[in-house]
Amino acid sequence: MIPAIPYIQSRFDEFNARYFNGSLPPVPIKLSHAKGFLGKLTFTRRKQGLFRGYRNEDFALRINARIDLPEELVQDTILHEMIHYYIAVNNLKDSSTHGALFRREMARINAEGGRHITVSHRLTETERAQAVVHKTRMVAVVHFKDGKTGVKVVPNRREHVLYWQRMALRRFAIDKIEWHLTDDDYFAKFPSSVAMKIYLIEDLSVLPVSGTINMG
Ligand SMILES: [Zn+2]
């Protein structure tokens, strides 16, 4: 699954009640599209004044929405970040990022909930192999004057798209070019480039596109 904010929010509330006695204050939840991590807790560590120590504030809980993962792993990632949040919001001291305190909380929740939270923010090799990474592609659907239709994947940068469109209109007898921004894996088989090559599609019903971007 690729989690949406309402899903993460309701898991947060559920896990807060079940594993933290509802003690965690509400926290802004954000989606991340980073490649490097599954989840991340961000906050600011602010000095309270002379000799008065630090206070953590401006928390945000970020969960990856780029990788399609098993629901269990999404939930374990939310719980992992909630342990960081529990430690940081209560200003507790741990021996390291995933120190003794983090591991004690992790072991407690794993035992109570039959969960599989780990100290890693990244995918294991197996999880990586199972994960489906949806890449967003800029796709031109080209309608030729002779009635044929073709597709071309162009790097998703405005200057590439405009350049390719200009050159294609000059080179081929084109009736219309429709642009689609899509993460459908159907388009993975087409190379992404500004080369003047258009792949003819015989059966238009296979084209998984909807909604057109007007590139002017
Ligand atoms: Zn962590």
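What follows is a short chat about the domains, cores, first helix and sheet of a predicted model.

Colleague: How is the chain divided?
Modeller: In this predicted model, the chain falls into domain 1, residues 5–130, and domain 2, residues 137–206.

Colleague: And what separates the centres of domain 1 and domain 2?
Modeller: Taken over C-alpha atoms, the centres of the two domains are separated by 42 Å.

Colleague: Which residues touch the most other members in the largest nonpolar core?
Modeller: That core has 20 residues, and Ile 78, Leu 79 and Met 82 are the ones that touch the most other members. The elements giving two or more residues to this core are α1 (5–19), β3 (54–64), α2 (71–89) and α3 (100–113).

Colleague: Which of them gives the most?
Modeller: The largest contribution to this core is that of α2, with seven residues.

Colleague: What does Ile 78 touch?
Modeller: Leaving aside residues up to four places away in sequence, Ile 78 touches Ile 8, Arg 11, Phe 12, Phe 15, Gly 39 and Ile 63. There is also a second, separate core of ten residues, and Met 138, Val 154, Ala 168 and Ile 198 are included in that one.

Colleague: Back to α1, then. Which of its residues are buried?
Modeller: The buried residues of α1 are Ile 8, Arg 11, Phe 12 and Tyr 19. They lie on the same side of α1, because the arc they cover around the axis is only 110°.

Colleague: Why would residues spaced like that point the same way?
Modeller: An α-helix has 3.6 residues a turn, so residues three or four places apart point the same way.

Colleague: What do the buried residues pack against, and what is on the face turned away?
Modeller: The buried residues of α1 pack against β1 (29–32), β3, α2 and α3, whereas the face turned away from the buried side carries the exposed residues Pro 6, Ser 10, Glu 14 and Ala 17.

Colleague: How far apart are the ends of α1?
Modeller: Its end C-alpha atoms are 20 Å apart, which agrees with the 21 Å that the 15 residues of α1 should span at 1.5 Å a residue. Just after α1, Asn 21 takes a positive phi of about 50°.

Colleague: Changing topic, what is the order of the four-strand sheet?
Modeller: The sheet is open, with the order β8-β6-β7-β9 and antiparallel pairing. Its edge strands, β8 (174–182) and β9 (199–200), each pair on one side only.

Colleague: How do β7 and β9 pair?
Modeller: Strand β7, residues 149–154, pairs with β9 in the antiparallel sense over two bridges, and Gly 150 stands opposite Leu 200 in β9.

Note on methods: Residues numbered from 1 in each chain as written. Predicted model: local features only at pLDDT ≥ 70, side-chain atom pairs only at ≥ 80, totals over all residues. Core = buried A, V, L, I, M, F, W, Y, C linked by C-beta atoms within 7 Å. Buried ≥ 20, exposed ≤ 12 C-beta atoms within 10 Å, placed from the backbone. Contact = placed C-beta atoms within 7 Å. Expected span 1.5 Å × (residues − 1). Arc of directions from axis to C-beta. Domains from an automatic or database assignment. Pairing = 2+ DSSP bridges.
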